[in-house]
Amino acid sequence: MATKWVWTSAHGPYPPNMVSGGQDSDGTSIYVGRANHAGDLLPAKVIPDKNAAYIAYGGEEVLVDSFEVLCQKELLWDSAAGGNIPPDAVVGGSTTDGEVLYIGRAYHEGSQTIGKVQRSHGCCYIPYGGAEVALPNYEVLCER
């Protein structure tokens, strides 16, 4: 079954079959999304209960209003580290230079949150606490 990206905004409506990505430090559910920003297409953490979505960009956590959410019923998270990407990883975006970005998630300060895995940087970047946080150990969203 193929994945499907569905456009929405921070104020919804949200599709019923969004892919769960984790939970915020306060227990709020986080879903997988992506957004266009400064010419890049970047993975995003989508938090419907807070009418918000965030990306990691330029060292900051950036709030975005218009974005896509990933919809799919059968996906799983594979452990990875150091820029490694499983062969069945879900593509989440790309940089202006054409580098493919993958959907990752990682634990940081009590939060399991969505970010971008950038192979050339050897890490997963997550938007958290107003910053872009680089983490060497992460999970990658995969389709089986």
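This is a predicted model: local features need pLDDT of at least 70, side-chain atom pairs count only at pLDDT 80 or more; totals for chains, interfaces and linings use all residues.

Residues are numbered from 1 along each chain as its sequence is written, and side-chain values use heavy atoms, with hydrogens and water left out.

Now the charges. The chain carries 9 positive and 17 negative side chains, and 6 Å separates the centres of the two sets. Lys and Arg count as positive, Asp and Glu as negative, while His and the chain ends are not counted. Each charge is placed at NZ of Lys, CZ of Arg, CG of Asp or CD of Glu.

What secondary structure does the chain have? There are zero helices and 14 strands. Both are DSSP runs numbered from the N terminus: helices are H or I with at least four residues, strands are E with at least two. With a radius of gyration of 13 Å, close to the 15 Å that the globule rule gives for 144 residues, the chain is as compact as a globular protein of that length. That radius is taken over C-alpha atoms, and the rule is 2.2 Å times the number of residues to the power 0.38. Along its principal axes, the C-alpha trace spans about 35 × 35 × 30 Å.

As for the inside, 53% of the 144 residues count as buried. Buried means under 20% relative accessible area, exposed means over 50%, and partly exposed is in between, with a 1.4 Å probe and protein chains only. Taking contacts between residues at least 6 apart in sequence, 58% join residues at least 24 apart. A contact means heavy atoms within 4.5 Å.

Next, the strand pairs; two strands pair if DSSP finds at least two bridges between them. Please find β2 and β3, which run antiparallel and are joined by three bridges. Gln-23 stands opposite Ser-29 in β3. Five residues lie between the strands of this hairpin, and Gly-27 takes a positive phi near 90 degrees.

Further along, β4 (residues 40-47) pairs with β5 (residues 52-57) in the antiparallel sense, over three bridges. Here Ile-47 is opposite Ala-52 in β5. The two strands form a hairpin with four residues between them, and Asn-51 in the turn has a positive phi of about 50 degrees.

β5 also pairs with β6 (residues 60-64), again in the antiparallel sense, this time over five bridges. The bridge partner of Ala-56 in β6 is Glu-61. This hairpin has two residues between its strands, with Gly-58 in the turn at a positive phi of about 60 degrees.

One residue shows what the inside looks like. Ala-35 lies in β3 (residues 29-37). Is Ala-35 buried or exposed? Ala-35 is buried, because its relative accessible area is 0%. Leaving aside residues up to four places away in sequence, Ala-35 touches Asp-40, Leu-41, Leu-42, Ile-55, Val-64, Ser-66 and Phe-67.

For contrast, look at Asp-97, in the loop between β9 (91-94) and β10 (100-108). Asp-97 counts as exposed because its relative accessibility is 73%. Asp-97 and Gly-39 are 58 residues apart in sequence, and their C-alpha atoms are 9.8 Å apart in space.

Last, some backbone details. Most residues other than glycine have a negative phi, and most peptide bonds are trans. Ala-38, in the loop between β3 and β4, has a positive phi near 50 degrees. With a relative accessible area of 52%, Ala-38 is exposed. Glu-109, in the loop between β10 and β11 (111-118), also has a positive phi, near 50 degrees. Glu-109 counts as exposed, at 61% relative accessibility.

Which peptide bond is cis, with omega near 5 degrees? That is the bond from Gly-12 to Pro-13. Pro-13 sits in the loop between β1 (4-9) and β2 (20-23).

That is the end of my part.
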